Amino acid sequence: MSTQEFALPDVGEGLTEAEIVRWRVTVGDEVSVNQAIVDIETAKAVVELPSPFAGTVSGLLVSEGTVVPVGTPILAVEVRDREPVLIGYGVAHEGTRRRRLRTAGPAPAEAPAVTGGPRAKPPVRALARTLGIDLATVTPTGPHGDITREDLQRMSTTRDTPGSSSTVSIAQSATSGVPAIRLGEVIPVRGVRRAMAEAMVRSMEQAPHVTEWVDVDVSRTVELVERLRGRADFEGVRVTPLTIVAAAIVRSLRRTPIVNATWHDLPDGSAEIEVHRHVNLGIAVASPRGLVVPHVPGVDRMSLRQLAEAITEVTERARAGTLVPADSVGGTITLTNVGVFGVDGGTPILNPGEAAILAMGRILDRAWVVNGGLAVRPVMELTLSFDHRIVDGAAGSTFLADVAAFLHDPVD
Amino acid sequence: MNEDVVRLLSPEGERIEHEDYPLEADHDQLRAMYRDIVLARRTDVESTALQRTGELGLWCPVLGQEGVQVGAAHAMRSHDYGFTTYREVGMFQVRGVDPVELLHLYRGISHASWDPREVGLGIFTIVIGSHALHSVGYAMGIQRDGADDAVLSCFGDGATSTGDVHEAMVFASVFSAPVVFLVQNNQWAISVPVTRQARAPLSVRAAGYGMPSVRIDGNDVLAGLAVTRAALDRAREGGGPTFIEAVTYRRGPHTTSDDPTRYRDDGEVEHWASLDPLDRLRRYLEAEGAIDEEFTARVAAEAEGLGERLRAAIRGMEDPEPLGMFDHVYVEPHRQVQADRAAMQDYLASLELR
Ligand SMILES: Cc1ncc(C[n+]2csc(CCOP(=O)(O)OP(=O)(O)O)c2C)c(N)n1
């Protein structure tokens, strides 16, 4: 007998790492060539890996939920001697020390046996993670005792009803878009969160941020939203103050197009500013997987109705986790709605490659001076961060003031 | 699937007569087609597994599209010539290319190891649509040679949106080139649905070029055989090009790097699984008494052997010599390539690698 190890392959043209999602075999199992042994999730997909060997599983070298680099041995199989060795996978002898795993996690030997665990297909497992549902708590209704997508959906709707299910953690029930977190948990940084982290660091390192803010009486914007909702040609279209802010951005960029631009460092040390022809409006969405910024391309050529529809479409897909990579590259300016979390403003960080990001705060009734007297008005704070390499104070302020003026007095 | 397609075999495996496409296929040929589909499928499954175990950089699954591929390849005569994308595993199976050779490209060993002239199939083309032009150029060469061969030019629905395909159609039509354009409309170009490529059926486009077109059930191997054969014969007799749109479906991912669950429903995939090309051929052949259990078991065993052979062959593949990449750039020695080769040689020597 000899032990052969299966090293995590690059299953997607240049990937560097993958997460071990679920073992389909356990120590002691007999495996045949091409038998599915493990589900892994890469930046591109959840895929099932087949065994290249026939023999007896002698070790699961990486535990579920761990991210490991390509090339890490993940499975050890006892094969009968003289079994041909696959190119690229040397024979490791018994007692060989395993490579240390990069991410801390429970020792593989202590990992629970998989065979008795809940059964679900990889996309369903991925959805469960997205929804923060522990598969062990789900009653399966699918064939062979599989947990189905519907099972999860049923569970997540009952869960959203206050006070219904005990699986809701307190953190999760507080605000939608804030994923559940257990006390004392150590959270691996990967996927959407890692992408967000890298983008934010890059942005802060490269772009000198300037942040300005202004409060605006949005009575007329609120009226306009109400009016549009009642209009026959807007039937079935979701119109919100965010729609009007998006329209205000498009309108205001006409006077200060420099706010819709990208800085390029050239290889020879010089630099250029590309002023975009069109406006691709990024919308920051707190999705269950973390912050994502899909964009709506070509908003400058849209009617208000098209704009409303396009924003709804892309944010729904973001929340459902069905964005495609193209949704997230190519934005030219970003709008973020921090008001939904009950705050007024902040210092937004630019989406890398963009010159400006506008945050809209909550709409709050405030004492407001109108014609020399006090009145109660719905007021919103707007915060604009811009890249001071591209946008100077005059242009940035003009743009912000124009957005505010439009919201104060929108023309539809 | 739309009903406006030519179909000679229903999903239930019943033979349907079509007045424009009478077909008399003898049992031997039908059995051969059955075997070709089974073996192509096995190559596909095994290659996908080899990619997943790190032996191949990439693989382009064919599951669901083998029907039209095998049918159309059976329609070709030995001197006819085909140009394909990266997905026509079924055609290579029929034309007798050892499936082991299909792996070379995806292991990064060579662009192609078969001799296109011998096999009558060009190398895999990754650049979408470019080989439509090569097809027409080859076909115009046939015209100038005065031969009675014809060319089969295969590409996908996505390729129809490229400029190259448009130019190819213009030249083919204006010069009455002996070429048949076979579009496998598998509904998706990676994550882009065919509805983003065309507002009308793709076959309708042919009219604009003054070219006849036929829409066929791409999961029906018999329609693939009969319609392609008629079109190739028309081409070789001087009738000019034909456009065939084979309506089919890619049931697997676009490539092993793709995750189709991100852009389409399981329901769609299941629907097309119920229209499987192999299932319907098997039902038909069983009802005809053309195959029995002994035959299907033999083919299944052959497929198993093929899987083992592919695994063993991968282990035996040697990495190519770095300098080999300069060998087949031009037919004749070329100054620039020779200079590049010499530079590479110096570089390798400086690393003391060789
Ligand atoms: C000229 C060119 N552009 C883009 C690509 C990237 N690409 C690879 S496959 C593909 C989709 C092709 O779709 P389709 O023609 O429908 O063929 P299928 O893959 O579905 O068989 C694209 C865009 C390419 N290979 N070549």
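A salt bridge is counted here when a side-chain nitrogen of Lys or Arg lies within 4 Å of a carboxyl oxygen of Asp or Glu. This is a predicted model, in which local features need pLDDT of at least 70 and side-chain atom pairs count only at pLDDT 80 or more, whereas totals for chains, interfaces and linings use all residues; side-chain values use heavy atoms, with hydrogens and water left out. Residues are numbered from 1 along each chain as its sequence is written, and chains are lettered from A and ligands numbered from 1 in the order in which they are written.

By the salt-bridge rule the count over all chains comes to 39. One of the pairs that meet the rule joins the side chains of Arg229(A) and Glu226(A), at 3.4 Å from N to O. Because these two residues are 3 residues apart in helix H5 (residues 219-230) of chain A, about one helical turn separates them. Helices (H or I, at least four residues) and strands (E, at least two) are DSSP runs, numbered from the N terminus.

Strand E6 (residues 55-60) of chain A is joined by 2 bridges to strand E3 (residues 30-31) of chain A, and the two run antiparallel; two strands are taken to pair if DSSP finds at least two bridges between them. Within this pairing, Val31(A) has Gly55(A) as its bridge partner. E6(A) pairs as well with strand E8 (residues 73-79) of chain A, again in the antiparallel sense, over 4 bridges, and there Leu60(A) stands opposite Leu75(A).

Another strand, E4 (residues 36-41) of chain A, holds Glu41(A). The C-alpha atom of Glu41(A) is separated by 6.6 Å from that of Ile20(A), although the two are 21 residues apart along the chain. Leaving aside residues up to four places away in sequence, Glu41(A) touches Ala18(A), Glu19(A), Val21(A), Val46(A) and Arg129(A), where contact means heavy atoms within 4.5 Å.

How many residues does each chain bring to the contact between chain B and chain A? Chain B gives 23 residues and chain A gives 26. The area buried between them is about 1,800 Å², of which carbon and sulfur atoms give 52%; buried area is the accessible area (1.4 Å probe) that two parts lose on being put together, summed over both. Of the area that chain B buries against chain A, 37% is supplied by Arg52(B), Arg262(B) and Arg315(B), more than by any other three residues. Across this interface, the rule finds 0 salt bridges.
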